[in-house]
Amino acid sequence: MPEMEEGEDIEQPLTAIAEAFEELSKWMKKEAYHIHLDTFCEAASLISVLFRCLGLAFKFAELEYTAKLQGLLEASKTCPTLEDILELDVASDTVKTSGSYSRNLRRVRQGLDLVRAIFEQLLSTDDTSLKEVASTAYGQVCAPYHTWAVRTAVYAGMYTLPSREQLLMKLNETEQSAEKKMKRYIAASLPIVEYIDKLYLSRNITLDW
């Protein structure tokens with residue numbers, strides 16, 4: 001899975017994303033539920049194109065996501081697996097410290113789950129407007145952890161979202177092809193998100209941050 005460079009165009013982003021996370025999920029099971037950090041970063045880097053397709057409303061999410069992902073990419077030079085970064089931060093008592101690897105992983109995990117929630121909302125409605133879809137997904141996944149100022153800015157930006165048709169055009173998909181690939185990502189990403197959550201919970205670290 002080649003790492004996507006900033007600004008690089010992918011002809012069919014949903015295909016690349018679905019394939020990358022299916023491969024990551026397969027390797028996680030093959031490696032006895034260990035995920036290599038560099039491989040995780042390569043797959044996760046593909047997600048940022050979706051935030052860009054959603055425009056101004058998700059600009060904050062895109063910027064935060066890419067910044068945290070870059071932090072994890074740096075960590076991969078010394079921490080081979082996701083488990084290693086938790087062990088490092090637990091030992092130094094910096095799990096929830098701003099800029100820590102564990103905090104970066106938590107935010108990237110939220111980004112993956114936000115995309116999953118957006119896809120589930122898209123699959124549940126034929127509404128041509130994305131405002132309700134995106135607002136519901138954001139409210140479920142990210143809003144509880146964002147400040148009032150950030151939440152206000154995100155919700156205000158929902159009025160700038162592309163239409164459903166415009167989003168599909170940006171992704172170079174039809175309704176039918178997009179539906180299949182969204183379902184593939186949802187199925188592949190869920191066990192990965194659950195695995196990441198267990199890394200924290202197994203160390204008695206709550207997920208309310």
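**Note on helix packing and loop residues**

1. Asn172 has 39% relative accessibility and so counts as partly exposed, a class lying between buried (under 20% relative accessible area) and exposed (over 50%), with a 1.4 Å probe and protein chains only. Asn172 sits in the loop between α9 (164-171) and α10, helices here being DSSP runs of H or I of at least four residues, and strands runs of E of at least two, numbered from the N terminus. Although Asn172 is not a glycine, its phi is positive, at about 60°.

2. The model is predicted, so that local features need pLDDT of at least 70 and side-chain atom pairs count only at pLDDT 80 or more, whereas totals for chains, interfaces and linings use all residues. Residues are numbered from 1 along each chain as its sequence is written, and side-chain values use heavy atoms, with hydrogens and water left out.

3. With a relative accessible area of 67%, Asp93 is exposed. As background, most residues other than glycine have a negative phi.

4. Ser25 belongs to helix α1 (residues 13-30) and, at 6% relative accessibility, is counted as buried. Leaving aside residues up to four places away in sequence, Ser25 touches Ala188, Pro191 and Ile192, where contact means heavy atoms within 4.5 Å.

5. The axes of α1 and helix α10 (residues 175-201) come within 8 Å and cross at roughly 35°; axes are lines fitted to C-alpha atoms, for helices over the stretch in contact, and angles run from 0 to 180 degrees between N-to-C directions. The crossing of α1 past α10 is left-handed, that is, the near helix is turned anticlockwise from the far one by less than a right angle, clockwise being right-handed. Among the residues making this contact are Phe21, Leu24 and Ser25 of α1 and Tyr185, Ala188 and Ile192 of α10. The contact residues divide into 13 nonpolar, 2 polar and 4 charged, with Ala, Val, Leu, Ile, Met, Phe, Trp, Tyr, Cys and Pro taken as nonpolar, Asp, Glu, Lys and Arg as charged, and the others, Gly among them, as polar.

6. In helix α8 (residues 148-157), Val150, Val154 and Gly157 are buried. They cover an arc of only 65° around the axis, which places them on the same side of α8, the arc being that of the directions from the helix axis to the C-beta atoms. The buried residues of α8 pack against α4 (59-75) and α7 (131-141).

7. α7 and α8 pack at an angle of about 165°, with their axes 10 Å apart. The two helices are therefore roughly antiparallel, a label for angles over 145 degrees, while those under 35 are roughly parallel, 65 to 115 roughly perpendicular and the rest oblique. On the α7 side, the contact is made by Ser135, Tyr138 and Gly139, and on the α8 side by Val150, Arg151, Val154 and Tyr155. The buried residues of α7 include Ser135 and Tyr138, and those buried residues pack against α6 and α8.

8. Thr128, in the loop between α6 (101-123) and α7, counts as exposed at 57% relative accessibility. Its C-alpha atom is separated by 5.9 Å from that of Ser163, 35 residues apart along the chain. Thr128 touches Ser163 and Arg164, again not counting residues up to four places away in sequence.
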